[in-house]
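Welcome! Have a look at the sequence and the model below, and then we can walk through a few of its parts together.

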Amino acid sequence: MRNLDKKRFRFRARVLLFMFVLGMGAVAVRSGQLQIVQHENLSRLAQNQYLKKVKVPAKRGHIYDRNGKDMAISVDVPSIYADPSKIIDPRQIARVVSAKLDLDLDRVYQRLASDKVFVWLKRLVDPKIAREIKALKLDGIYLTKESKRFYPNKELASHLLGFTGVDNVGLEGIERFFDKSLAGEPQVIQTVRDATGHSVLGGGLDPEGLASGDNLRLTIDLQIQHKAEQVLSEQVLKSKSKSGVAVVMDVETSQILALAVAPSFNANKPAKVSMATRRNRAVVDMFEPGSTVKPFVVAYALEKQIIDIDDTFDCEEGEYEVGGHTIRDSHEYEDLDLTSIIQKSSNICTAKIAEKVGKRGLFENYRELGFASKTGIPFPGEASGIMRSWKDWTDVGLATISFGQGIAITAMQLAAAYRVFAADGYYQQPQLILSKEAPSGAVELVQPGRERRVYSSKVVSQIKPMLEKVVGPGGTGWRAAIDGYAVAGKTGTSQKIDPVTKGYSSHLYQAIFSGYVPSRDPKVIIVVMLDEPYKIHTGGAVAAPVFAEIAKTAMRQLSVLPSASLVDAGAAPIPTMDSAEEVEVTPNFPKRAPVEVSANIGKKVPSFLGLTARESIEQFVAMRLDVDLEMQGSGRVISQDPPKGTRRDSVEFLRLELKGK
């Protein structure tokens, strides 16, 4: 029995030892698994018990003008949210909150009665309302701060800046194009939880201000921008135009100093206007440039030595057959030299030069000037323009394209093209951004685009006096002249397509003026276009005055002094009849017997019927009407608008139609 007991004891001891060793082994394995294999996962679970990750949205970067003035900033605004799990009587709370926040009662109740732990009630509320909500000390109702975009200048440059949505996401303009850069990266910060589960961070969230987007500095000069918008808006109202655009570009750098669109809108309240009103027409809208492209046709022909500076062309006394179609000038010119062709804006002579240049040549000329391709400025939706391949041009198509019909461009493209004349023949991509500034303070300067030569210096010097003649006495753009500065430019009046007939309209026009100042040492290029001005519709009458007012401000802002030799102390120029687009000016009439003006003119418009152009102008001058005079045709007056007997104080313009010899 003893031996048997001993054997049993040993067996039990071995079993216990084995179980102990097995248990210790399991503990060791489990310990290794916990400490080695699952270490990271378990550490993360442990940290979640006392640590909390908080995502801090980045504060949207600011936008400044070239001089550091605020154009778009971000400010902290209160928002209201709720934790429904802590609300005992959601119906009562909903009544109070919906009344204070001007929200639908049922919708607020549904949110407060939900099983969620977080719901937005209203974001970006008025601070006064937020303080009233806070003072009520409602269970489960809380306030937080969110960043809201604010445009301190309201309407100023609104089409360029665009705007953001409620989540601070850029929806239009610069805000949209640079959304990622301006928004920045949110910061993720670990905070310690207290016993109640709330975050505790002594230094506050994002104490170093790292949660910020990049700041942008634009090339825009707010002073010039303000003047451009002001004058443009006034002219849109005066001419009863649908809209207008103006682009101001620095000659030396191709930087955009102003980009104005009228009518404007308050960028802080974009929802109050239509999408059409918010559209940046200077960049996304296309139009036929009309006569503003004629100088490019002449320049290319001179550049390729197809014509000579002393050449003259027969203008066929106002009518010229091309491909079975008749091209007309508004006046019956005979022979004109190159300067007169530009000054008087002859369609016929320009078409004859284009015939010598050829379809492919003119096409390549326009392409070199940037037509039918985007300028590349950083703006969403930029239009590239429209120009068919030269292989598809007909003979009459070549003629019409030479004077700006049959192609479509943007105001930005036209400004970049005219910069070629102002910058000694070089094309350069327009620039809209000066620099980016990171939250760390590092500044990245935006490099200007590379220049390419389009015309030689010789050709540019030959074209300049032609463009100056347009603005001088006898030119279509005399209203663009400014005292003390030589101005060079070109008027344009393009017919629009009639939406019903699909042909060119007889009453829908776009008035254009494009030029630079001072012409002898160019500083800025200015392009103005007004869409569908009422009745008086020519570029010289409608767009040129806007150019002049913007140019005056630009010269002052850029500290460009006037030339003493050009300061005009005399009377304003007197309009006279001799232009393809509108009345021209001449400083003095030849000495002749004046027309006898009726002493009974009084307060009513007299009859102009039967008078010649010269006689009509002299009678108009004698009336001393402060309105525009527009004359069409040649010979004697056959109709007038407004008619004889109209009260003078109700007259906004005077249009005369002449016919015959």
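## Two packed helices

Helix H12 and helix H18 (residues 457-471) pack at an angle of about 150 degrees, with their axes 10 Å apart. Here axes are lines fitted to C-alpha atoms over the stretch in contact, and angles run from 0 to 180 degrees between N-to-C directions. H12 and H18 are therefore roughly antiparallel, a term for angles over 145 degrees.

On the H12 side, Pro295, Val298, Ala299, Leu302 and Glu303 make the contact (heavy atoms within 4.5 Å), and they meet Val459, Gln462, Ile463, Met466 and Leu467 of H18. Sorted by type, the residues of this contact are eight nonpolar, one polar and one charged.

## About the model

This is a predicted model, in which local features need pLDDT of at least 70 and side-chain atom pairs count only at pLDDT 80 or more, while totals for chains, interfaces and linings use all residues. Residues are numbered from 1 along each chain as its sequence is written, and side-chain values use heavy atoms, leaving out hydrogens and water.

## The disulfide

How many disulfides does the structure hold? There is one, a disulfide being a pair of cysteine sulfur atoms within 2.5 Å. It joins Cys315 to Cys349, with an S to S distance of 2.1 Å. Cys315 sits in the loop between strands S13 (312-314) and S14 (319-322) and Cys349 in helix H14, so the pair ties together parts 34 residues apart in sequence. Both Cys315 and Cys349 are buried, meaning under 20% relative accessible area (1.4 Å probe, protein chains only).

## Helix H15

Helix H15 (residues 359-368) has buried residues too: Gly361, Leu362, Phe363, Asn365 and Tyr366. What covers them includes helices H12 (294-303), H14 (347-357) and H16 (395-402).

Notes: Buried < 20%, exposed > 50% of the residue type's maximum accessible area, 1.4 Å probe, protein only. Helix = DSSP H or I, 4+ residues; strand = E, 2+ residues; numbered from the N terminus. Parallel < 35°, antiparallel > 145°, perpendicular 65-115°, else oblique. Nonpolar A, V, L, I, M, F, W, Y, C, P; charged D, E, K, R; others polar.
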